[in-house]
Amino acid sequence: RRVVVLISGSGSNLQALIDAQQTEEGLGGEICAVISDQPDAYGLERAKQAGISTLCISPKNFSSREDYDQQLIREIDQFQPDLILLAGFMRILSSAFVLRYFGRLLNIHPSLLPKYKGLHTHRRALEAGDNEHGVSIHFVTEELDGGPLIVQAKVPIDLEDDESSLARKVQVQEHLLYPLVTRWFLQGRLQLKGNQPEFDGHPL
Ligand code: GRF
């Protein structure tokens, strides 16, 4: 089974996936390509270090989101992936893209969805005075950060937390959860039936 990972930045989640792939248990499949929209994304270096094909598609060369996404689809389809993972890919996707990969496109988002869709989630949780925060993994639909939830992990917000300490706590959970969910999907344990995620045949 084959996985394509889309990134824009540091790629620490990508690294967690690579590390999981290199354990004895493995990831249940192989990361066959990493695609970035940013040429200087550090995640591209991580992929190269691991011997994974990399590609950058810069939005500068496209006049519309639809044109960009069509090119992205062409490149992804060359790898015939079973699963496409958004791992800090900082672009809104067109409906054509989302529909093409419906049911095999996952995203990780650093909040307890449906709270704090979009950017600056750690800051917003702190400003709201929340006492917990976390990470969500969901199937991607046309609604930004709005698709069916698969799992969440919570972290406590402590009095002394600031944006970066909270981000670090959440990232620890991200790095545990994304490889786990990826493995479930690749092993055929997790699937989307209509709009309902199922695990081992049971609705989540
Ligand atoms: C993560 O916080 C992820 O939840 C969000 O973007 C960030 C990517 O971080 N979607 P990294 O590039 O994996 O380090």
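This is a predicted model: local features need pLDDT of at least 70, side-chain atom pairs count only at pLDDT 80 or more; totals for chains, interfaces and linings use all residues.
Q: Which residues have the most contacts inside the largest nonpolar core?
A: A nonpolar core is a set of buried nonpolar residues joined through C-beta atoms within 7 Å. In this model the largest such core has 47 residues, and Val-5, Leu-6, Leu-17 and Ala-87 have the most contacts inside it. Helix H6, residues 163-186, supplies the largest share of this core, six residues.

Q: What does Leu-6 touch, leaving out residues up to four places away in sequence?
A: With those sequence neighbours set aside, Leu-6 touches Ile-35, Ile-84, Leu-85, Leu-86, Ala-87 and Phe-89.

Q: Which side of helix H2 is buried, and which residues are on it?
A: A residue is buried if 20 or more other C-beta atoms lie within 10 Å of its own. In H2, residues 42-49, the buried ones are Gly-43, Leu-44, Arg-46 and Ala-47. Because they cover an arc of only 160 degrees around the axis, they lie on the same side of H2. The face turned away from that buried side carries the exposed residues Lys-48 and Gln-49.

Q: What covers the buried residues of H2?
A: The cover includes strand E1 (2-7), H1, strand E2 (30-36) and strand E3 (53-56). Just after H2, Gly-51 takes a positive phi of about 75 degrees.

Q: Which residues come nearest to the ligand?
A: There are 14 residues around the ligand, and Ser-10, Ser-12, Asn-13, Gly-88 and Pro-110 come nearest. Two elements give two or more residues to this shell: helix H1 (12-21) and strand E5 (105-109). H1 gives the most, with three residues.

Q: How many residues of that shell are nonpolar, polar or charged?
A: The shell around the ligand divides into five nonpolar residues, eight polar and one charged.

Q: What does the UniProt annotation "binding site" cover?
A: An annotation comes from a record and is read separately from the coordinates. Here the unreviewed UniProt entry gives "binding site" for Arg-65, Met-90, Arg-91, Ile-92, Leu-93 and Asn-107.

Q: Where does Arg-91 lie, and why does it count as partly exposed?
A: Arg-91 lies in the loop between strand E4 (83-86) and helix H4 (95-100).

Q: Where is Ile-92 found, and why is it given its exposure class?
A: Ile-92 is found in the loop between E4 and H4. Ile-92 counts as exposed because it has 12 C-beta neighbours inside 10 Å.

Notes
Residues are numbered from 1 along each chain as its sequence is written. Helices (H or I, at least four residues) and strands (E, at least two) are DSSP runs, numbered from the N terminus. Two residues are in contact if their C-beta atoms, placed from the backbone, lie within 7 Å. UniProt positions are given in the numbering used here, feature names are shortened, and annotations may be inferred rather than shown by experiment. A residue is near a molecule or strand if its C-beta atom, placed from the backbone, lies within 6 Å of it. Ala, Val, Leu, Ile, Met, Phe, Trp, Tyr, Cys and Pro count as nonpolar, Asp, Glu, Lys and Arg as charged, and the others, Gly among them, as polar. The arc is that of the directions from the helix axis to the C-beta atoms.
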